[in-house]
Amino acid sequence: MERTFVMIKPDGVQRNLIGKIISRFEDKGYRIVAMKLMQVTRDLAERHYEEHRGKPFFESLIDYITSGPVVVMVLEGKDVVAGVRKMNGATNPAEAAPGTIRGDYALDIGRNVIHGADSVESAQREISIYFKEEELLNYEKVTEKWIY
Ligand code: RTP
Ligand code: MG
């Protein structure tokens, strides 16, 4: 089953959105296979966002991601990478559709509440940056026979 990496960014934690965001993913039918609250170091943030190194927003992005605790998780499900990107909405909340997380909860591109990996390859890379193999749990939920 496909997996993705998701982060509730520091603004999402500070604004009490953890529960609402996790509920959206649970309601959709995705299975949480790993999850933790953590403080991201500059080194970790720079590795996560290394594709953006050198861009004008890079330093402010690293400041933002390291500005307070985040919730990181691994979600599993059919086409979960693309599905989570759709649920998150456009990068710039001004362009994110109502009903998406950024469309409903954010106003500014520099405070856009949520991250989701942009491909299966990115997901694998990001999962390995944030989680140890033994933190990823294998289990089944009885409700899943009503989802698939
Ligand atoms: P993310 O990686 O956080 O899920 O966001 P994304 O794929 O939708 O967007 P990406 O291009 O990867 O950008 C990463 C994060 O950098 C900040 N950003 N600021 N022009 C700007 O000021 C700008 N562009 C990007 C956003 O926080 C974005 O989520
Ligand atoms: Mg991205």
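Strand β3, residues 70-76, is mostly tucked away, with 6 of its 7 residues buried. Buried here means that 20 or more other C-beta atoms lie within 10 Å of a residue's own, exposed means 12 or fewer, and partly exposed is anything in between, with C-beta atoms placed from the backbone. Strands (E, at least two residues) and helices (H or I, at least four) are DSSP runs, numbered from the N terminus. The model is a predicted one: local features need pLDDT of at least 70, side-chain atom pairs count only at pLDDT 80 or more, and totals for chains, interfaces and linings use all residues. Residues are numbered from 1 along each chain as its sequence is written, while chains are lettered from A and ligands numbered from 1 in the order in which they are written.

Strand β3 has partners in β1 and β2. With β1 (residues 3-8), β3 pairs in the antiparallel sense over 6 bridges, and F5 stands opposite V74. With β2 (residues 31-38), the pairing is again antiparallel, over 7 bridges, and here K36 stands opposite V72. Two strands are said to pair if DSSP finds at least two bridges between them.

Zooming out, the protein chain holds 7 helices and 4 strands, which run β-α-α-β-α-α-β-α-α-β-α from the N terminus on. The chain is as compact as a globular protein of 148 residues, because its radius of gyration is 15 Å, close to the 15 Å that the globule rule gives for that length. That radius is taken over C-alpha atoms, and the rule is 2.2 Å times the number of residues to the power 0.38. Buried residues make up 33% of the 148. Among contacts between residues at least 6 apart in sequence, 71% join residues at least 24 apart; a contact requires C-beta atoms, placed from the backbone, within 7 Å of each other.

UniProt lists H115 for "active site" in an unreviewed entry; its positions are given in the numbering used here, feature names are shortened, and annotations may be inferred rather than shown by experiment. H115 is found in strand β4, residues 114-116, and counts as buried because it has 21 C-beta neighbours inside 10 Å. Leaving aside neighbours within four places in sequence, H115 is in contact with V6, M7 and K9.

H115 also turns up among the residues around ligand 1, along with F57, L61, T91, I109, G110, N112, G116 and D118. A residue belongs there if its C-beta atom, placed from the backbone, lies within 6 Å of the ligand. This shell divides into 3 nonpolar, 5 polar and 1 charged.

Methods. Two residues are in contact if their C-beta atoms, placed from the backbone, lie within 7 Å. Ala, Val, Leu, Ile, Met, Phe, Trp, Tyr, Cys and Pro count as nonpolar, Asp, Glu, Lys and Arg as charged, and the others, Gly among them, as polar.
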